[in-house]
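Please examine the model below together with the criteria behind its labels.

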Amino acid sequence: MTDTATNAGTPPSRLRVLTLNLWQQYGTWSERRAVLIEGIRAQQPDLLAFQESIKTDAYDQVIDLLGPGFNVVHSKRRDPNGMGISIAGRWPLGEVQEV
């Protein structure tokens, strides 16, 4: 995609959206993690929605996968393991409400 922002905070005229169920950290997480990082970078998404993402005081799975450069919001409702939903975008997400 060659259509990029013309100045900070202004999204391009096209938006690449990715949604993904992370399946928490089950399976061979170190191998899955490497594949996910590579795949996400290759797709160059602007807006991402994750299901079954882990967010605890000690670990943020979305930040781990995306690295810097994204604004991330996590659902407040999480299971005891920290599993819930998360969204991330290249631009500020504005007002986010849980329903």
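Q: Why is Val-73 called partly exposed?
A: In this predicted model, Val-73 has a relative accessible area of 28%. Buried means under 20% relative accessible area, exposed over 50%, and partly exposed in between, with a 1.4 Å probe and protein chains only. The value of 28% lies in between, so Val-73 is partly exposed.

Q: What makes a residue count here, and how are residues numbered?
A: Because the model is predicted, local features need pLDDT of at least 70 and side-chain atom pairs count only at pLDDT 80 or more, whereas totals for chains, interfaces and linings use all residues. Residues are numbered from 1 along each chain as its sequence is written, and side-chain values use heavy atoms, with hydrogens and water left out.

Q: Which element holds Val-73, and what is Val-73 in contact with?
A: Val-73 lies in strand β3, residues 71–74; strands (E, at least two residues) and helices (H or I, at least four) are DSSP runs, numbered from the N terminus. Leaving aside neighbours within four places in sequence, Val-73 is in contact with Ser-86, Ile-87, Leu-93 and Val-96, where contact means heavy atoms within 4.5 Å. The C-alpha atoms of Val-73 and Gly-89, 16 residues apart along the chain, are separated by 9.0 Å.

Q: Why does Ser-75 count as buried?
A: Ser-75 has 12% relative accessibility. Buried requires a value under 20%, therefore Ser-75 is buried. Ser-75 is found in the loop between β3 and β4 and touches Gly-84, Ile-85 and Glu-98, not counting residues up to four places away in sequence. Between the C-alpha atoms of Ser-75 and Ile-85, 10 residues apart along the chain, the separation is 5.5 Å.

Q: Why does Gln-24 count as buried, and what is its phi?
A: At 9% relative accessibility, Gln-24 falls under 20% and therefore counts as buried. Gln-24 has a positive phi of about 50° although it is not a glycine. The place of Gln-24 is in the loop between β1 (17–21) and α1.

Q: Why does Glu-52 count as partly exposed?
A: Glu-52 has 23% relative accessibility, between 20% and 50%, so Glu-52 is partly exposed. Glu-52 is found in strand β2, and its phi is near 55°, a positive value in a residue other than glycine.

Q: What makes a set of residues a nonpolar core, and which residues have the most contacts inside the largest one?
A: A nonpolar core is a set of buried Ala, Val, Leu, Ile, Met, Phe, Trp, Tyr and Cys residues joined through side-chain atoms within 4.5 Å. The largest core has 13 residues, and those with the most contacts inside it are Ile-40, Leu-48, Phe-50, Leu-65, Leu-66 and Ala-88. At least two residues of this core come from each of α1 (29–43), β2 (47–54) and α2 (61–66). The largest share, 4 residues, comes from α1.

Q: What makes a space a pocket, and which residues lie nearest the centre of the largest one?
A: On a 1 Å grid over the protein atoms alone, a pocket is an open set of points where a 1.4 Å probe fits, with protein on both sides within 12 Å along at least five of seven lines; lining residues have an atom within 4 Å of a point. The largest pocket is lined by 15 residues, of which His-74, Ser-75, Ile-85, Val-96 and Glu-98 lie nearest its centre. β2, β3 and β4 (83–89) each supply at least two residues of this lining.
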